[in-house]
Amino acid sequence: MNKLKLMVVLLCVCLMTACGSKEEDTVEQISLGEKQIYAYCVNPDKTGIVQRVYDLDKERDLSYNVSEIINYLASIKATEEYQTPIPEGIEYMNHDLKSHHGRLEVSFSVLYDSVDADSLLFFKTCVAKTLLQLEGVEIITLSMVDPANKDDETAVVSENFDQDSFTMSFGNTNGYKQEGTIVIYFANETGEALKKYRKSVEISNNMSLARIVVEALIEGPEENTYQATIPDNTTIRNISVKDGICYIDLSDEFYDTDNPLKNDMIVYSIVNSLVELPTVSKVQFLKNGEKQQFYRETMPFDGIFERNLDLIEEDTEE
């Protein structure tokens with residue numbers, strides 16, 4: 001059961017606290033007053049998250065409250081009920097409020113040698129889930145700086161979180177499967193832009209979310225206002241995530257020049273979809289385990305790809 005609870009936290013950033021009987025036993029819902037939010041911490045045996053009530057400063061602005069919340073989370077001492085969500089080895093650096101889509105970027109210094117993988121994942125979950133409650137904040141970008149890494153290209157790993165990134169549904173399952181929703185991108189009707197598509201999927205404890213995302217892209221959309229971007233006979237040779245980078249090796253069908261869509265529509269449908277996952281900030285494509293200089297002979301392809309918002313059609317959903 002402990003392993004099940006940990007898997008739930010690792011798979012889900014937007015952990016719902018009242019979605020089913022099992023989770024209600026773990027996180028008892030606390031009533032909030034005006035100008036109060038939940039501060040999320042780790043439980044004593046490190047198998048789930050618990051809530052504390054945090055009072056926002058009514059007289060101060062959003063930027064001030066962000067700093068105060070993070071300092072509060074870092075100051076929480078271990079008790080019989082809580083563990084700190086920001087352990088030793090992780091230090092708050094600064095934050096930046098972006099005007100685009102309510103994005104809040106928060107930077108931390110992370111000594112990876114002194115922070116175990118479970119603590120790092122709980123840290124991301126608790127901080128993002130706490131800050132996403134603030135009015136006007138729709139997307140959290142956690143930028144983690146490795147001071148021991150002198151390579152500017154790889155020293156910073158940024159991961160994005162929002163309320164729709166991943167929502168688990170807790171029900172009467174056997175502990176190995178959960179229902180969830182992923183956000184992926186197909187081409188629009190004209191093929192000139194990418195369009196957001198939400199898909200319900202079944203999550204199991206033996207398949208990575210990155211593989212589920214790419215398999216959903218290969219399967220294609222169910223609505224005729226979208227176009228598939230990847231040939232449906234494409235297979236995944238290998239896919240893995242390390243330090244925020246998703247390494248993906250697709251079969252030869254992915255490189256088929258008969259696909260009428262533009263190269264950037266195909267490539268960034270994958271990149272933008274994978275970067276929606278909390279654990280992925282960049283994508284590296286491989287073919288038979290090796291980097292390729294060009295995609296379909298024209299598009300530079302051996303670099304690391306990041307999210308491209310310019311290709312996304314404006315979401316008109318309310």
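Author: Cys246 is buried, with a relative accessible area of 0%. Buried means under 20% relative accessible area, with a 1.4 Å probe and protein chains only. This is a predicted model: local features need pLDDT of at least 70, side-chain atom pairs count only at pLDDT 80 or more, and totals for chains, interfaces and linings use all residues. Residues are numbered from 1 along each chain as its sequence is written, and side-chain values use heavy atoms, without hydrogens and water.

Contact here means heavy atoms within 4.5 Å.

Now the core. The largest nonpolar core has 45 residues. Such a core is a set of buried Ala, Val, Leu, Ile, Met, Phe, Trp, Tyr and Cys residues joined through side-chain atoms within 4.5 Å. Val283 is among those with the most contacts inside it, as are Phe254, Ile270, Leu274 and Phe285. Elements that each supply at least two residues include strand E11 (245-250), helix H6 (263-275) and strand E12 (282-286). Strands (E, at least two residues) and helices (H or I, at least four) are DSSP runs, numbered from the N terminus.

Next, the sheet. Three strands form an open sheet in the order E10-E11-E12, with mixed pairing. Strands pair if DSSP finds at least two bridges between them. E11 and E12 run parallel, joined by five bridges. Ile248 has Phe285 in E12 as its bridge partner. H6 lies across E11 and E12.

Terms used
Buried < 20%, exposed > 50% of the residue type's maximum accessible area, 1.4 Å probe, protein only. Axes fitted to C-alpha atoms, helices over the stretch in contact; angles between N-to-C directions.
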